[in-house]
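Hi everyone, thanks for coming. Let me put the sequence and the structure up on the screen, and then we can walk through them together.

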Amino acid sequence: MTFAAYALRRVVAIVATIALLSLLVFALLALTPGDPAITLLGPQNATPEAVAAIRERYGLGDPFLVQYGNWAVAALQGDFGDSIRSSEPVMSVITSRLWTTVWLALYAFIITVVVAIPLGILAAVRRGSWIDRLASSITLIALCTPAFAIGFLLIYVFSVQLDWFPGFGNGDGFFDTIWHLTLPALALATLQIPILLRQTRAAVMDVVDRDYIVFARSRGLSRSRIWLRYVLRNGSLPVLTSAGLILAFSLAGAVLIENVFALQGLGSLLVSSVGTLDLPVVQALALLTAILVLVTNLVIDLLYYALDPRLRRAGAAA
Amino acid sequence: MSADSTGAQPSRATDTSIDEKRRTRWGPVFWVAVVIVALFIIIAITADWIAPYDPYAQDLVASSQGPSAAHWLGTDQLGRDILSRLMVGSRTGIIGPAVVAICATVIGTLLGLWAGFSGGIADSVTMRSVDFAYAIPPLLLAIVLVGILGGGYWLAVAVLIVLSAPADVRVVRAAVLAQREMPYIAAARTLGLSQMRIAFKHILPNVAPTLAANALLQFVVALIALSGLAFLGIGVSAGTPDWGLMIAENRSILDLNPWAVIGPALCITILAVSVGLLGDRAFDVTTKRINER
């Protein structure tokens with residue numbers, strides 16, 4: 001199978017998955033207890049005229065699949081309707097919250113890479129040493145600690161006791177935002193570090209005493225050349241795979257951490273929208289999140305295929 | 001949960017001595033974890049008798065107090081005793097995750113056996129649904145479904161069962177596919193043994209350690225997810241002594257009585273880490289078995 005055929009098959013599969021997911025997301029409206037028209041209006045605005053108008057506008061009398069078709073066509077054009085709480089278009093509500101979450105995720109990811117990759121390599125090279133044991137203990141504890149527990153621990157130590165960082169809020173301007181996002185990003189990074197550390201350690205350990213490394217060493221290649229060309233290049237493949245897992249963890253972690261630190265991001269938007277049954281916002285967030293996860297995993301798989309000549313050759317032979 | 005489960009082959013000869021050393025070094029830690037888990041279970045069972053106060057009893061005169069001789073971990077805003085609420089809270093902390101782990105293992109095993117033995121369409125439909133469930137972050141789905149349907153604690157448990165079972169489906173199905181063509185299975189079949197008997201006598205014993213390790217991991221994931229949901233106010237109803245909910249209810253008195261927040265956070269973490277350690281150990285046992293083969 002050629003690369004193009006492989007890519008095409010994957011893209012088709014993902015489009016089918018997204019279509020199925022969108023149907024499920026749309027069905028949330030029908031699943032919500034109570035009259036969908038009143039759900040969409042919010043109970044306080046549900047005058048008989050308004051209910052009639054909303055039925056007309058959303059075609060709530062139409063068969064389910066017709067309703068779904070209309071919704072899906074609008075959604076494809078980026079129109080998920082209006083938020084019930086703020087009456088603004090859903091997409092502008094989402095974009096106004098987007099950047100906090102993006103900065104938080106990016107900040108956390110940088111911390112994760114800076115901590116996890118060197119520590120993972122070190123743990124693999126000094127296998128069984130105190131640093132390896134320390135790394136695996138940290139990994140286990142961090143994997144088993146909930147995001148919000150880490151968040152409150154950080155707030156208590158660095159905000160209440162030491163008063164170094166603010167415990168809540170977004171901040172204004174670049175440096176103030178960085179300052180405000182430091183504790184949340186640390187909390188989020190604590191969730192991601194174990195995954196990346198574990199992958200890095202396993203990947204490097206797998207490569208480091210292969211025959212071709214011994215051979216390269218015996219040919220007298222320099223240490224740095226062996227590390228860059230052989231160990232890290234081969235070791236980077238499994239690490240790449242964990243990126244999808246890290247993204248999924250970050251999304252779930254961001255929901256909790258934004259709530260702990262009272263950040264106005266997408267995660268807190270999801271929780272407050274669920275709480276107030278602001279369904280158009282929930283539908284848009286759920287669908288966009290799922291698409292983000294699926295597309296990231298697709299890109300990773302394609303990259304994997306492109307980076308690993310063995311896979312390509314195996315594909316060509318088959 | 002093993003450090004080696006992600007891809008490295010710990011089977012190379014040089015590794016065994018180091019791994020052996022590590023295993024013995026982990027010995028005491030393992031027993032500490034066993035004792036901690038046992039303690040939590042005993043507390044959950046006997047909470048009604050050993051809790052110093054009624055976990056619901058309010059004492060507004062003594063609200064938001066720090067630790068004292070009367071209240072070892074202080075009180076919350078309504079003057080309820082934190083220690084008593086932590087003890088009773090170990091019930092929702094243990095029961096839900098345990099139900100998730102047990103049900104997911106049973107359902108996942110049965111589905112895996114079915115998919116592996118019947119093959120064909122049943123197999124591909126099962127496996128596609130498994131892939132589908134893998135792509136969904138469990139906590140997010142639970143927030144949306146439980147939050148919108150308003151189903152409470154047990155709906156959250158059900159969602160987690162559905163999303164946890166696929167890991168077991170994969171393991172059991174792979175074991176069935178690997179063993180199905182073995183001569184001894186053909187022999188068993190010739191002897192007229194039923195598929196059920198082959199499954200339970202020959203295939204499941206092979207994967208039992210992996211399933212046990214998975215179940216412990218599922219417990220940890222469910223504990224973290226359920227307490228996260230409770231923290232967001234989804235699942236358990238307000239006022240229930242539940243660790244996640246206690247953190248949410250007491251967050252505003254973090255400076256007055258930090259134990260009201262740190263206490264439940266520590267309970268979740270200590271229980272999760274202990275169960276996680278047992279899972280790690282179970283994975284070590286499974287990889288060791290594979291290496292010896």
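So, how much accessible surface does chain B have, and what share of it belongs to carbon and sulfur atoms? The accessible surface of chain B comes to about 13100 Å², and 69% of that belongs to carbon and sulfur atoms. Those areas come from the Shrake-Rupley method with a 1.4 Å probe, and for residues only the protein chains shown count as cover.

A word on what we are looking at: this is a predicted model, where local features need pLDDT of at least 70, side-chain atom pairs count only at pLDDT 80 or more, and totals for chains, interfaces and linings use all residues. Residues are numbered from 1 along each chain as its sequence is written, chains are lettered from A and ligands numbered from 1 in the order in which they are written, and side-chain values use heavy atoms, with hydrogens and water left out.

Let's stay with chain B. There are 10 helices and zero strands in it; helices here are DSSP runs of H or I with at least four residues, strands are runs of E with at least two, and both are numbered from the N terminus. Of its 293 residues, 52% count as buried, where buried means under 20% relative accessible area, exposed over 50%, and partly exposed in between, with a 1.4 Å probe and protein chains only. If we take the contacts in chain B with a separation of 6 or more, residues 24 or more positions apart account for 72% of them. Contact means heavy atoms within 4.5 Å.

B:Q218 sits in helix 8, residues 195-231. Why does B:Q218 count as buried? Because its relative accessibility is 6%. Beyond its neighbours within four places in sequence, B:Q218 is in contact with B:A101, B:A104, B:T105, B:S164, B:A167 and B:D168.

B:Y53, on the other hand, belongs to the loop between helix 2 (27-50) and helix 3 (82-118) of chain B. With a relative accessible area of 33%, B:Y53 is partly exposed. Not counting residues up to four places away in sequence, B:Y53 touches B:A70, B:H71, B:D81 and B:S84. Have a look at B:I82 as well: B:Y53 and B:I82 are 29 residues apart in sequence and 9.2 Å apart in space, C-alpha to C-alpha.

Over to chain A. This one has 13 helices and zero strands, and 47% of its 318 residues count as buried. Its C-alpha trace spans about 85 × 60 × 30 Å along the principal axes. Chain A exposes about 15400 Å², with carbon and sulfur atoms supplying 69%.

Please find helix 1 of chain A, residues 3-31. Its buried residues include A:Y6, A:R10 and A:F26. What do the buried residues of this helix pack against? In chain A they meet helix 2 (36-41), helix 4 (64-76) and helix 12 (279-307), and in chain B helix 4 (120-134) and helix 5 (138-149).

That brings us to the interface. Chain A and chain B bury about 4200 Å² between them, 77% of it on carbon and sulfur atoms; buried area is the accessible area, with a 1.4 Å probe, that two parts lose on being put together, summed over both. A:C144, A:F152 and A:R198 supply 15% of the area that chain A buries against chain B, more than any other three residues. The contact takes 50 residues from chain A and 46 residues from chain B.
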